[in-house]
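This report goes through one structure by topic. The sequence and model come first.

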Protein chains: 2
Amino acid sequence: MSDTRRKLVDAGVKLMRARGYNATTVDLICADAGVTKGGFFHYFKSKEDIAHAAATHFFDEKTENYEAAAFRKLADPLDRVFGRLDFVKETMGGTHHVTKGCLIGVLAQELAFTNPEIRDMCNNFFTRMARDFTHELTEAKAAHAPDAKFDPKGIAQMYLAIVQGSLMLAKIAGNNDVLQENIEMFRDQLKIVFGLADKAADKSNN
Amino acid sequence: MSDTRRKLVDAGVKLMRARGYNATTVDLICADAGVTKGGFFHYFKSKEDIAHAAATHFFDEKTENYEAAAFRKLADPLDRVFGRLDFVKETMGGTHHVTKGCLIGVLAQELAFTNPEIRDMCNNFFTRMARDFTHELTEAKAAHAPDAKFDPKGIAQMYLAIVQGSLMLAKIAGNNDVLQENIEMFRDQLKIVFGLADKAADKSNN
DNA sequence: GGCAACATACCAACTAGTCTGTATGTTGAA
DNA sequence: TTCAACATACAGACTAGTTGGTATGTTGCC
């Protein structure tokens, strides 16, 4: 694919992630990418067009990273479930690296009521994220807790909400502690749900 | 206080909640409030000024609603903890009423990296929300599970993230199911943490 | 020479904020 | 009581700058 197009998409991801959709102007994207307006509109028919491309690229890249991650190759599906949590903790930023947030989340918050196309795209991405985790939870349940009554889909939705909510709070607070702590709490919850915790109340940190 | 000013604040809350900060123009607020530009700039020195006023009004109103809610009068702090969850489920929309989202969350997502003043204000509001719930959890712990090792502050942060994340997902999905389900899952988690669940794995819904 | 891949100049609409004007109080001294 | 002096609460035209998008080049490769 064209190098210019990629530069524009990268700039779009970077800027919209930090500034949202409306505050990211076409000129700003052009400047950041080192491309002129003519170049921009050669590849994208509108600003909304590059938002789609940027979100899709962002999602695809994250998906590829997940597919390629070490935890994906673990034999036991439950190890993959917990491995995912470690992976998120690492990639979404160690304690000293503040998260840049999730582009899908930013677009979703800003455009949910004003741009149906982008809203639907975000909903689609979120649905796919949840579905992916649901599959893994379902396998893990079949292998380790077939009689448990929890709903893998519900857990996956919960996980998505926790990550998205924590990313926002981390962004606002200026550090990743909330994200790290909440993932650990979710891990404890998962352990309980899978019957891996001896004493429930002893598992929370601090 | 001036009726005109209140109309402007109400319009600001309504519009920014739905459209975010940047897509809400001063003219739009004026039109919605039935006030002219001169009137607007008589009461607010800038657009950012009304965003502060709108967010503050939104937060104060929510806070008052919480203070006045029936669950606040329950004698047992643990009843108040669970009562809060019921209250949120009711007020944030029954199944057929789609949430309009949280103004603080919208402003936070959009302006976290571009407007330090508004970011700090949002962080302040979130901190106060978490602190309020932390107090109640601390009391409940002292009364019902003094030996449990869970951290009330961590639980409160988790709750905040779940609510904010779920509100976003509900907005995007166009219905409140995620919010309702996630609050129920959080309730189950709380029960376990407080030692109220007989069998951990049986408590998740569905 | 023809077409893709840009570059440059430009435009109409919009946007936050200003400016001048005016109607309606309020106040305080004669 | 009255009236000048001043304050408050708007109204609405205006401006300087911005924005998404277009129209028209130019350039280099097949």
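## Surfaces around the DNA strands

Helices are DSSP runs of at least four residues, numbered from the N terminus. On these terms, in this predicted model, H3(B) gives the most to the surface near DNA strand D, with four residues. The elements that each supply at least two residues there are helix H2 (26-33) and helix H3 (37-43) of chain A, together with helix H3 (37-43) of chain B. DNA strand D is surrounded by 16 residues, of which the closest are A:Thr25, B:Thr4, B:Thr36, B:Gly38 and B:Gly39. By class, this surface has three nonpolar, nine polar and four charged residues.

DNA strand C has 16 residues around it, and A:Thr4, A:Thr36, A:Gly38, A:Gly39 and B:Thr25 come nearest. Two or more residues of the surface near DNA strand C come from each of H3 of chain A and helix H2 (26-33) and H3 of chain B. H3(A) gives the most to that surface, with four residues. The division by class is three nonpolar, nine polar and four charged.

## Relation of the two chains

## Contact between chains A and B

Chain A puts 50 residues into the contact, and chain B puts in 50 residues. On the side of chain A that touches chain B, two or more residues come from each of helix H1 (3-19), helix H6 (103-111), helix H7 (116-144), helix H8 (152-173) and helix H9 (177-193) of chain A. H8(A) gives the most to this side, with 14 residues. The residues of this side of chain A comprise 25 nonpolar, 17 polar and eight charged.

## Helix H6 of chain A

Is H6(A) largely enclosed or open? Nine of the nine residues of H6(A) are buried, so this helix is largely enclosed by the rest of the structure. The buried residues run from A:Leu103, A:Ile104, A:Gly105, A:Val106 and A:Leu107 to A:Ala108, A:Gln109, A:Glu110 and A:Leu111. In chain A they pack against H1, helix H4 (47-68), H7 and H8, and in chain B against helix H6 (103-111) and helix H8 (152-173).

## Helices H1 and H4 of chain A

The axes of H1(A) and H4(A) come within 9 Å and cross at roughly 85°. Angles of 65 to 115 degrees count as roughly perpendicular, and H1(A) and H4(A) are therefore roughly perpendicular to each other.

From H1(A), A:Leu8, A:Val9, A:Gly12, A:Val13 and A:Met16 meet A:Ile50, A:Ala51, A:Ala53, A:Ala54, A:His57 and A:Phe58 of H4(A). The residues of this contact divide into nine nonpolar, two polar and no charged.

## A:Pro77

A:Pro77 lies in helix H5 (residues 77-91) of chain A. With 17 C-beta neighbours inside 10 Å, A:Pro77 counts as partly exposed. Leaving out residues up to four places away in sequence, A:Pro77 touches A:Glu136, A:Glu139, A:Ala140 and A:Ala143. A:Pro77 and A:Ala142 are 65 residues apart along the chain, and their C-alpha atoms are separated by 9.3 Å.

How values were computed
Residues numbered from 1 in each chain as written. Chains lettered and ligands numbered in written order. Predicted model: local features only at pLDDT ≥ 70, side-chain atom pairs only at ≥ 80, totals over all residues. Contact = placed C-beta atoms within 7 Å. Nonpolar A, V, L, I, M, F, W, Y, C, P; charged D, E, K, R; others polar. Buried ≥ 20, exposed ≤ 12 C-beta atoms within 10 Å, placed from the backbone. Near = placed C-beta within 6 Å. Axes fitted to C-alpha atoms, helices over the stretch in contact; angles between N-to-C directions. Parallel < 35°, antiparallel > 145°, perpendicular 65-115°, else oblique.
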